[in-house]
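Hi,

Here's the structure I promised to send over. Have a look at it first, and my notes follow below.

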Amino acid sequence: MKPRPRADGNSTITPLLSVLVLLSCAFVNLKPGVGKTTSAVWLAHALHESGLSPLLVDGDPAASALRWSELAEGFPFPVIALPVGDVHRRVNDFLGSRQAVVLDAPQLEDHPRIARSIMRYAGEWIVPVTPAPIELDRMAPIRGEMADVQSLRAEPARTVVLLNRTNRPDATRTGPDADAREALTERGFELLDTQIARLDLYAQSFGSPVQAKGSAYMDLADELIKRQEEA
């Protein structure tokens with residue numbers, strides 16, 4: 001794989017994967033409207049721009065990721081719709097030589113069978129959370145859901161929280177973002193260092209082509225690849 005430019009344009013980064021390692025991650029949450037689809041689409045593009053060859057799996061019956069790709073006249077990687085209860089058995093039929101799989105799961109509260117099947121497949125569960133009190137309060141019930149699915153797996157999935165729609169692009173020591181990190185950490189959740197700021201760049205991107213270079217999702221891709229290497 002060829003080196004990719006840094007976001008600042010000053011030098012290059014050699015891709016973090018020197019061998020073919022499958023990265024599989026799913027965006028999951030109990031509730032809708034937390035940015036799962038936006039994050040899945042942007043991350044898949046970031047992985048593609050990092051030199052990997054991702055597969056994007058749209059497991060939501062609403063098929064928002066698939067529709068996005070159609071409106072954008074196609075993504076530079078395949079998007080498949082699998083809103084079925086046996087996703088974990090079927091994804092590999094579409095994988096081929098792809099090096100990464102990004103799964104957009106529907107909300108657990110409305111489509112538990114599909115979401116749990118996606119969680120049975122993915123090696124990394126990413127829970128997008130907005131740093132707002134009501135969103136933090138919704139995190140308590142997800143523990144039981146995750147524990148139930150972990151019991152069905154041969155190996156436990158890695159679980160991590162992604163702070164989404166934050167007030168600042170980078171982690172701070174004070175303010176709502178820092179308070180959310182502290183509250184989630186105290187509750188036993190692991191958080192990614194990367195956080196996604198509340199920007200129109202992401203909020204208004206549905207249906208448009210995506211260029212992830214220079215965005216926080218490139219940082220997210222790098223962090224997830226490092227986590228995979230260290231696992």
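Let me start with a pairing in the sheet: Ser-24 has Val-101 as its bridge partner in E6. Keep in mind that this is a predicted model.

That pair belongs to a bigger picture. Strand E3 (residues 23-27) and strand E6 (residues 100-104) run parallel and are joined by five bridges. E3 also has a parallel partner in strand E7 (residues 124-129), this time with three bridges. If you want a spot to look at there, find Phe-27, which stands opposite Ile-126 in E7.

So how enclosed is E3? Five of its five residues are buried, so the strand is largely enclosed by the rest of the structure. Its side chains go both ways: Leu-23, Cys-25 and Phe-27 point one way, while Ser-24 and Ala-26 point the other way, and all are buried.

The other place I looked at is Ser-215. You'll find Ser-215 in the loop between helix H9 (200-203) and helix H10 (216-230). Is Ser-215 buried or exposed? Its relative accessible area is 8%, and the cut-off for buried is under 20%, so Ser-215 counts as buried.

What does the side chain of Ser-215 reach? It reaches the backbone oxygen of Ala-212, at 2.6 Å. Leaving aside residues up to four places away in sequence, Ser-215 touches Trp-42 and Tyr-202.

Cheers

Technical notes
Residues numbered from 1 in each chain as written. Predicted model: local features only at pLDDT ≥ 70, side-chain atom pairs only at ≥ 80, totals over all residues. Heavy atoms only, no water. Helix = DSSP H or I, 4+ residues; strand = E, 2+ residues; numbered from the N terminus. Buried < 20%, exposed > 50% of the residue type's maximum accessible area, 1.4 Å probe, protein only. Polar contact = N/O pair within 3.5 Å; in protein donor to acceptor, adjacent residues only side chain to side chain. Contact = heavy atoms within 4.5 Å. Pairing = 2+ DSSP bridges.
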